[in-house]
Amino acid sequence: MLSAVRGLLLDLDGVVTVGGAPLPGALEAIDKLRAAGMPLRFVTNTTTKPRRRLIADLARLGLDVEPDDFFTPASLARDHLRRSGAKPYLLIHPDLLEDFEGVEPGADAVVIGDARDAFSYANLNHAFRLIHDGAEFLALARNRNFLDGDHKLSLDVGGFVVALEYACETTAHVFGKPSADFFLGAVAAMGLTPAQTAMIGDDAEADIGGAMAAGLAGILVRTGKYRPGHEKRVNPTLVADDLAQAVTKLLQTSERRPSGETAR
């Protein structure tokens with residue numbers, strides 16, 4: 001329930017921004033959260049830009065975010081590869097390569113992200129052969145689609161992940177949303193429990209369904225990739241018109257808590 005919420009996870013694209021521009025009231029809503037002392041972390045499945053550029057883009061909009069408060073699938077996958085010592089074939093967007101700096105390429109694993117034009121038959125077939133021969137299959141995300149810069153939906157990495165899973169008769173290890181580990185890592189960074197945390201997103205399945213399956217409250221906003229009827233897929237804790245309305249309702253709930261019970 002919303003009355004238990006003490007911290008927030010915020011999606012970026014479609015919730016805070018669209019096409020690189022802030023949505024109306026979004027930055028002001030984040031200012032209100034910070035002024036109220038509500039802990040928050042930013043979580044995104046975007047795999048076409050490195051974390052450095054994502055943070056710099058927000059800074060240009062006037063939103064300062066510390067690197068430790070920003071969670072991306074690429075950083076988790078890189079840490080996994082470093083721990084295991086695996087040398088991967090990276091089927092990812094060229095701009096994301098800097099997030100895998102220091103990882104030696106090889107054939108022990110396949111890492112797939114939103115590679116865009118790199119999704120050629122030759123590259124996908126090479127990935128297939130490696131996975132079929134025993135390479136670990138690592139997916140940065142599993143989203144069906146995303147809201148592109150022209151404000152239309154475009155094909156995301158999920159379809160390619162499922163195609164390789166089908167061809168290889170295996171299941172990918174997913175690092176981004178809707179993976180429970182992705183949500184739980186961000187929750188733990190705030191020192192909270194899943195029951196004390198809400199996820200605000202525009203993707204009913206990856207954002208809200210994944211978060212709620214991990215024990216968080218799920219707040220679906222009617223911006224970004226949201227389309228009428230999406231809420232019927234997951235039965236969110238709350239549906240709001242946008243981030244500003246979601247934050248207003250959360251803070252009103254916070255004000256109604258019993259005396260002495262405050263956000264951490």
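Visitor: Why is Arg60 called exposed?

Guide: Its relative accessible area is 64%, and the labels go like this: buried is under 20%, exposed is over 50%, partly exposed is in between, with a 1.4 Å probe and protein chains only. So 64% puts Arg60 in the exposed class. Bear in mind that this is a predicted model, where local features need pLDDT of at least 70, side-chain atom pairs count only at pLDDT 80 or more, and totals for chains, interfaces and linings use all residues. Residues are numbered from 1 along each chain as its sequence is written, and side-chain values use heavy atoms, leaving out hydrogens and water.

Visitor: What makes Arg60 and Asp57 a salt bridge?

Guide: The N to O distance between their side chains is 2.2 Å. A salt bridge needs a side-chain nitrogen of Lys or Arg within 4 Å of a carboxyl oxygen of Asp or Glu, so this pair qualifies. Both residues lie in helix H2 (residues 51-60), three residues apart, about one turn of the helix. Helices here are DSSP runs of H or I with at least four residues, strands are E runs of at least two, and numbering starts at the N terminus.

Visitor: How many salt bridges does a search of the whole structure find?

Guide: It finds 15. One of them joins Arg144 to Glu205, with the closest N and O atoms 2.6 Å apart. That pair links distant parts of the chain: Arg144 is in the loop between strand S8 (136-139) and strand S9 (145-147), and Glu205 is in helix H7, 61 residues apart.

Visitor: Which accessibility classes do Arg144 and Glu205 fall in?

Guide: Arg144 has 54% relative accessibility, so it counts as exposed. Glu205 is at 28%, so it is partly exposed.

Visitor: Why does Asp202 have no salt bridge?

Guide: The nearest side chain of opposite charge, Lys225, is 5.8 Å away. Lys and Arg count as positive, Asp and Glu as negative, while His and the chain ends are not counted.

Visitor: What does Lys225 do instead, and how far is its backbone nitrogen from Asp202?

Guide: The side chain of Lys225 meets that of Asp203 in a salt bridge, 2.9 Å from N to O. Lys225 sits in the loop between S13 and S14 and Asp203 in the loop between S12 and H7, so the pair ties together parts 22 residues apart in sequence. Meanwhile, the backbone nitrogen of Lys225 lies 2.8 Å from a polar atom of the Asp202 side chain.

Notes. Polar contact = N/O pair within 3.5 Å; in protein donor to acceptor, adjacent residues only side chain to side chain.
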